[in-house]
Amino acid sequence: MRKRIVTYDIKSGNDYDEFYVLVEKVKAKMITESTYEFNTEWNQEAFELKISSVFAKGDNVHYISVNDKNELFEKKIII
């Protein structure tokens with residue numbers, strides 16, 4: 001399992017519904033109102049694909065994770 005922290009800012013007019021469905025499905029934990037901890041088996045590519053699929057153009061989404069060398073990094077997800 002790999003822990004990843006997702007933080008986001010939704011563009012005005014967009015909604016959170018699909019994100020919350022994903023949060024429930026994988027039992028992600030809320031850290032703050034717009035920050036969640038995901039603990040999944042998904043590799044980085046699958047994780048980015050699943051997260052990007054639940055947001056809309058104009059949303060600002062980033063995640064924090066650890067790479068294979070145990071180095072912490074942050075990445076913006078392109079929607």
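Student: Where is the place of Lys-27 in the chain?

Tutor: Lys-27 sits in the loop between α1 and β2 (29-32). Helices (H or I, at least four residues) and strands (E, at least two) are DSSP runs, numbered from the N terminus. Keep in mind that this is a predicted model, where local features need pLDDT of at least 70, side-chain atom pairs count only at pLDDT 80 or more, and totals for chains, interfaces and linings use all residues. Residues are numbered from 1 along each chain as its sequence is written, while side-chain values use heavy atoms, with hydrogens and water left out.

Student: Why does Lys-27 count as exposed?

Tutor: Set the value against the rule: buried means under 20% relative accessible area, exposed over 50%, and partly exposed in between (1.4 Å probe, protein chains only). Lys-27 has 67% relative accessibility, so it counts as exposed. Its phi is positive too, about 60°, although Lys-27 is not a glycine.

Student: And what about Asn-70: why does it count as exposed?

Tutor: Asn-70 has 65% relative accessibility, and therefore counts as exposed. This residue lies in the loop between β4 and β5 (72-77). Asn-70 is not a glycine either, and its phi is positive, near 65°.

Student: Now for the other end of the scale. What makes Glu-37 buried?

Tutor: Glu-37 has 17% relative accessibility, so it counts as buried. You will find Glu-37 in strand β3 (residues 35-40). Beyond its neighbours within four places in sequence, Glu-37 is in contact (heavy atoms within 4.5 Å) with Lys-3, Arg-4, Ile-5, Ala-28, Lys-29 and Ile-31.

Student: How do you know that Val-61 is buried?

Tutor: Its relative accessible area is 0%, so Val-61 is buried. Val-61 lies in strand β4. Leaving aside neighbours within four places in sequence, its contacts include Val-6, Tyr-8, Phe-55 and Ile-77.

Student: Which kind of aromatic pair do Phe-19 and Phe-55 form?

Tutor: Let's start with the whole: the structure holds 14 aromatic pairs. Phe-19 and Phe-55 form a tilted one, with 5.1 Å centre to centre and 40° between the planes. Rings of Phe, Tyr and Trp (its six-membered ring) pair if their centres lie within 6.5 Å; planes under 30 degrees apart count as stacked, over 60 as edge-to-face and the rest as tilted. This pair links distant parts of the chain, 36 residues apart: Phe-19 is in helix α1 (residues 17-26) and Phe-55 is in the loop between α2 (44-52) and β4 (60-66).

Student: Let's step back to the whole chain. How many helices and strands does it have?

Tutor: The protein chain has 2 helices and 5 strands. From the N terminus on, they run β-α-β-β-α-β-β.

Student: How do you know that its radius of gyration agrees with that of a compact globule?

Tutor: The radius is taken over C-alpha atoms, and the globule rule is 2.2 Å times the number of residues to the power 0.38. With 79 residues, a compact globule would come out near 12 Å; the protein chain has 12 Å, so the two agree. Along its principal axes, the C-alpha trace spans about 40 × 25 × 20 Å. Buried residues make up 30% of the 79 residues.
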